[in-house]
2 protein chains.
Amino acid sequence: MTERVRLQRERVLTAAVDLADSIGIDAVSMRRLAAELGVVPMALYKHVADKDALIDGMVDVALSELGPLEQADGWRPTVRRRVLATRTVMLRHPWLRRVLETRPTSTLSVLAYTDSLIAVFRQAGFSDVLTHHVMHAFGSRMWGFTQELADEGGDPPPPEALAALSQHFPNIAAMAAVAGHDGSSVVAQGCDDQYEFEFALDLLLDGFDRLHQADWRPRPS
Amino acid sequence: MTERVRLQRERVLTAAVDLADSIGIDAVSMRRLAAELGVVPMALYKHVADKDALIDGMVDVALSELGPLEQADGWRPTVRRRVLATRTVMLRHPWLRRVLETRPTSTLSVLAYTDSLIAVFRQAGFSDVLTHHVMHAFGSRMWGFTQELADEGGDPPPPEALAALSQHFPNIAAMAAVAGHDGSSVVAQGCDDQYEFEFALDLLLDGFDRLHQADWRPRPS
DNA sequence: ACCTGAACACCGTTCAAGT
DNA sequence: ACCTGAACACCGTTCAAGT
């Protein structure tokens, strides 16, 4: 009985995840989701308290694709591997980025993920204070997403717009003209997000490592 | 005539900013804003094309509180000062964080801000490639906001919830128990966001500096 | 006791009717 | 030519009526 309810709830949540994957989270409404499942909108309220609970559940479903954290070698490769694995989940569910960034409420799976990452630093001998700051500095990058600076998706801008842009914003234009690390122009095919993400990730990890090695501690006040 | 239209538009936008500041951006609707201004909802559409344009305009208004970038000393204090100044604007308009994070479209003021920051690095002799990566690594932190890891606002959790939390998530609990840099418990009064932001900012600037000093260049592929 | 259709209080935006 | 009320196509959620 409760087993059946759980299954029904799971079915609702995975349907919501699939729907968000295909039509975007903004288009996922209780009514649309109900239609997708062939039920009346109100039927959903037996499985989720309200729309907020639905989204929390969607986060749980998506994060469940992530296995438990595997700690084989040192803290640094462990964290790196973990975050990059999380990143692949984020790429699979593009709506997840905004949901995690936007909503302050933490579901159990979010807390569990954060907890397991903190554990890696602490077990590696990071002091609690340093770990605290390190996690703040990590910020949303611990979820494996880059900050989107520019449009990213959508059509490339028309040539005349590019000309106007480079006139008004020569520095942005110069950045856009930088060749990707594979030699191709960034303008042509956008940034190599994976490369940029790993660059920033390694920069952070370098910083963490350096502070840890130097036995960083807070200034006495 | 066009002057009058501009003034009217400005009035609509600043009213929207004030409204978002006081009741939150989610509660700002075309209808609510119109009511605030004592006009019929449709009247707004003479000054803004649609709600997206309204929000773009709100971003412009908020960012206009920021003066032009002042470059007196080296790149590092210049960038640091600039970002911390931007942070005060963000704190004044809490809705701005989500708007900037969420919407990929860039208004002119957003582009101008980004361009002026890029200029600082380039003029300091950062190569274009390095500047590119550095701006990506900077990410949304160039806007002066920390990533919100936890709830932040709202009521503090009840004691029994804390007990349950520390049992299931001992590492998160340990982080929460870390004393703030002024010696007070974080649990009692939340993190010192300003401190955490500057910590992360300096960590990034350290990394940028180190790469620049070492004359970093991309690996040949 | 359970289910659900209608209804409520909202949205952003279109459009035709009115001046 | 300008303005605007009504209307359209949506929301999330309540609640009472029906079985």
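The model is a predicted one, so local features were kept at pLDDT of at least 70 and side-chain atom pairs at pLDDT 80 or more, while totals for chains, interfaces and linings use all residues. Residues are numbered from 1 along each chain as its sequence is written, with chains lettered from A and ligands numbered from 1 in the order in which they are written.

Chain A comes out with 11 helices and zero strands; here helices are DSSP runs of H or I with at least four residues, strands are E runs of at least two, and numbering starts at the N terminus. Read in sequence order, the pattern for chain A is simply α-α-α-α-α-α-α-α-α-α-α. Buried residues make up 31% of the 221 in chain A, where buried stands for 20 or more other C-beta atoms within 10 Å of a residue's own, exposed for 12 or fewer, and partly exposed for anything in between, with C-beta atoms placed from the backbone. Among chain A contacts with a separation of 6 or more, 64% link residues 24 or more positions apart; a contact requires C-beta atoms, placed from the backbone, to lie within 7 Å.

A residue counts as near a strand if its C-beta atom, placed from the backbone, lies within 6 Å of it. Helix H2 (residues 30-37) of chain A gives the most to this surface near DNA strand D, namely three residues. By class, the surface near DNA strand D holds seven nonpolar, one polar and five charged residues; Ala, Val, Leu, Ile, Met, Phe, Trp, Tyr, Cys and Pro are taken as nonpolar, Asp, Glu, Lys and Arg as charged, and the others, Gly among them, as polar. Turning to DNA strand C, 13 residues surround it, with B:Ser29, B:Met30, B:Arg31, B:Asp50 and B:Lys51 the closest. Helix H2 (residues 30-37) of chain B supplies the largest share of the surface near DNA strand C, three residues, and the classes there split into seven nonpolar, one polar and five charged.

Helix H2 of chain A also contains A:Ala34. Because 18 other C-beta atoms lie within 10 Å, A:Ala34 is partly exposed. Leaving out residues up to four places away in sequence, A:Ala34 touches A:Val39, A:Val40, A:Pro41, A:Ala43 and A:Leu44. Its C-alpha atom is 9.4 Å from that of A:Ala16, 18 residues apart along the chain.

Two helix pairs were looked at in detail. In chain B, helix H4 (residues 75-92) and helix H11 (residues 193-213) pack at about 150°, with axes 11 Å apart; axes are lines fitted to C-alpha atoms, for helices over the stretch in contact, and angles run from 0 to 180 degrees between N-to-C directions. H4(B) and H11(B) are therefore roughly antiparallel, given that angles over 145 degrees get that label, under 35 roughly parallel, 65 to 115 roughly perpendicular and the rest oblique. The contact brings B:Arg76, B:Val79, B:Arg80, B:Val83 and B:Arg87 of H4(B) up against B:Phe197, B:Leu201, B:Leu205 and B:Asp209 of H11(B). By class, that H4(B)–H11(B) contact has five nonpolar, no polar and four charged residues.

In chain A, the axes of helix H3 (residues 51-63) and helix H6 (residues 108-123) come within 8 Å and cross at roughly 45°, which makes H3(A) oblique to H6(A). A:Val59, A:Asp60 and A:Leu63 of H3(A) make this contact with A:Ser109, A:Val110 and A:Tyr113 of H6(A). The classes are four nonpolar, one polar and one charged.

Helix H7 (residues 128-138) of chain B is mostly covered, with nine of its 11 residues buried. Among them are B:Leu130, B:His133, B:Met135 and B:Phe138. The buried residues of H7(B) pack against helix H9 (170-177) and H11 of chain A, together with helix H6 (108-123) and H11 of chain B. After H7(B) comes B:Gly139, with a positive phi near 60°.

Most residues other than glycine have a negative phi. A:Asp215 has a positive phi near 55° and sits in the segment after helix H11 (193-213) of chain A. With 9 C-beta neighbours inside 10 Å, A:Asp215 counts as exposed. B:Asp215 likewise has a positive phi near 55°, in the segment after H11 of chain B, and is exposed, with 9 other C-beta atoms within 10 Å.

How values were computed:
Contact = placed C-beta atoms within 7 Å.
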